[in-house]
Amino acid sequence: MTSQSPAIHAPGMTGTQSATPAASVDATSPARRVPLPRVWPVRASDIVALLVGNAVLIVLMWIRHGGLDQLSTSAGMVTAAGQLTALLGTYLVLVELLLMSRSPWADQAFGTDRITAAHRWIGFGATWLIVAHVVLTTVGWSMGDGSSVVAEAWTLLTAYPFVFWAAVALLMFVFLAASSIRAARRRMSYESWFSIHLYAYLAVALAFAHQLLVGRDFVDDPVARIYWMGLYMAVVALILVFRFGQPMALSLRHRLRVERVEREGPGVVSIYVTGRDLDRLPVRAGQWFQWRFLRRDGWWRAHPFSISAAPNGKFLRLTVKDLGDDSHRFQDLRVGTPVYIEGPYGIMTGARRTRQRVLLVAGGIGIAPLRALFAGLSAGPGDLTLVYRASRPEDVVFRDELDRIAAARGASVHYLVGRRGTPAMPDDPLAPEPLGRLVPDIADRDVYVCGPIPMMDRVEKTLRALGVPGGQVHLERFAF
Ligand SMILES: Cc1cc2nc3c(=O)[nH]c(=O)nc-3n(C[C@H](O)[C@H](O)[C@H](O)COP(=O)(O)OP(=O)(O)OC[C@H]3O[C@@H](n4cnc5c(N)ncnc54)[C@H](O)[C@@H]3O)c2cc1C
């Protein structure tokens, strides 16, 4: 294999083959540089420090309000624990809303995968703390009053302002957390799960009133009241700006429409989207948008898809595999359909690169963002290698494009096609030994990986075994 010509390995093909180099890459190659998304001078550690600092401040304010003075009796201790769990649980709910705001600086600092994981665990943490608050406060107050827990609960629900609505909010949070347990989530459509999540906003609003009128931090101390209201307002502002304002401005400015839909393979289409001033839309190869196609059926459902062509100032392209209801409908989208986008998001881009040489490992439709990176990453001859894993030859999409890009850029592309455990492919080609043989200098490369989750987990293990440092591995999972 020479670095100038792509090597092609595929069961059913005889050994290693070289594609004929084409004179130039087709219309999907970068035509004009577009602006890069703004780089925010914020690191993940800065955001974590800010969040932890706020939590400490909340506990200090609680101490200032005499929180520790209650610890002399057992009823006081239980009540104090009830107050602390309320404050920290509410704070974690606000952190959840912050993550839901899709603020670009948080996205760039953490990346989609870490935000998704944090959202999941902070959500469970907040729910447990709020449940603990309800139990501890009821028990603590009943111990203090010498009444039964049931009688105390009844008094709280009926005599205190908005506690009844806070109880409704509690049920909503518990239902929301239950729907996110993996076993329940698997049985539920994405749309149902997402709709349940919208109740989070209502639950926060319902609980806010009781915090304002019953919570000690609010009632006794104007500074704490202003501080907490500031936290709520900051989070609401971020949601309004980044979930509504910025996407609306982006879509109005660029007036995006479906230009054409091209079939790439069985159940896979590329959707070309054009619009005004696309050379002024900041996006990087490897990033994704939330796409909303404004048709009568389903305009309200947004789906994440990566761009599958490097930004070129002329069109955006997404490549969609038919994996469910909407991705099935997108297979024959009408030309001219208006498009609304949110984003771009994601950190699987050249901005994360640490090495001159790069390996891209794609599985199935995970080729979409890597196809964009293959054309979009700056690289000299021999710097870029793409390993593309697919179960069947017909599942390989973009073959012509990839071969032409490889030829034009002096890159290599290896197609590893076949089902594992069959005579054509007895062993896993992504195991350490075969992958190390295919890319001997792998430990000295940045590695970008995208594909089905089990494949990505296997590749991560392989990369560890081959000594690729974690900081050189960049991944995006196609799942929230
Ligand atoms: C960051 C990211 C980038 C992606 N890029 C691509 C891409 O370039 N090409 C591609 O073909 N696929 C991509 N996907 C996957 C794609 O978003 C889903 O296949 C698609 O949303 C399925 O919608 P559906 O209504 O057809 O499927 P459904 O039948 O509703 O569900 C099928 C699967 O898709 C998940 N899903 C459904 N809707 C959404 C949604 N709105 N958000 C997140 N997950 C959802 C479901 O949880 C389920 O696992 C990407 C996913 C993510 C998270």
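## T349

T349 is buried, with a relative accessible area of 3% (buried means under 20% relative accessible area, exposed over 50%, partly exposed in between, with a 1.4 Å probe and protein chains only). The model is predicted: local features need pLDDT of at least 70, side-chain atom pairs count only at pLDDT 80 or more, and totals for chains, interfaces and linings use all residues. Residues are numbered from 1 along each chain as its sequence is written, and side-chain values use heavy atoms, with hydrogens and water left out.

The loop between β8 (338-345) and β9 (357-363) holds T349; helices (H or I, at least four residues) and strands (E, at least two) are DSSP runs, numbered from the N terminus. Apart from neighbours within four places in sequence, T349 touches R284, A285, G286, Q287, L373 and Y448, where contact means heavy atoms within 4.5 Å.

## Domains 1 and 3

The protein chain is assigned domain 1 (7-27 + 349-475), domain 2 (44-249) and domain 3 (254-345); such bounds come from an automatic or database domain assignment. Between the C-alpha centres of domain 1 and domain 3 the distance is 24 Å. Their contact takes 16 residues from domain 1 and 21 residues from domain 3.

About 1400 Å² is buried between domain 1 and domain 3, and carbon and sulfur atoms give 67% of this area. Buried area is the accessible area (1.4 Å probe) that two parts lose on being put together, summed over both. On the domain 1 side, T349, I365 and F398 lose the most area to domain 3, together 33% of what that side buries.

## Polar pairs and composition

Between domain 1 and domain 3 the count is 1 salt bridge, defined as a side-chain nitrogen of Lys or Arg within 4 Å of a carboxyl oxygen of Asp or Glu. The side chains of R317 and E401 form a salt bridge at 2.8 Å, N to O.

Helix α12 (residues 367-376) supplies 7 residues, the largest share of the side of domain 1 that touches domain 3. By class, that side has 10 nonpolar, 3 polar and 3 charged residues (Ala, Val, Leu, Ile, Met, Phe, Trp, Tyr, Cys and Pro count as nonpolar, Asp, Glu, Lys and Arg as charged, and the others, Gly among them, as polar).

## Y227

Y227 lies in helix α10 (residues 222-254) and is buried, with a relative accessible area of 18%. Leaving aside neighbours within four places in sequence, Y227 is in contact with N54, L57, I58 and M61. Y227 and I58 are 169 residues apart along the chain, with 9.3 Å between their C-alpha atoms.
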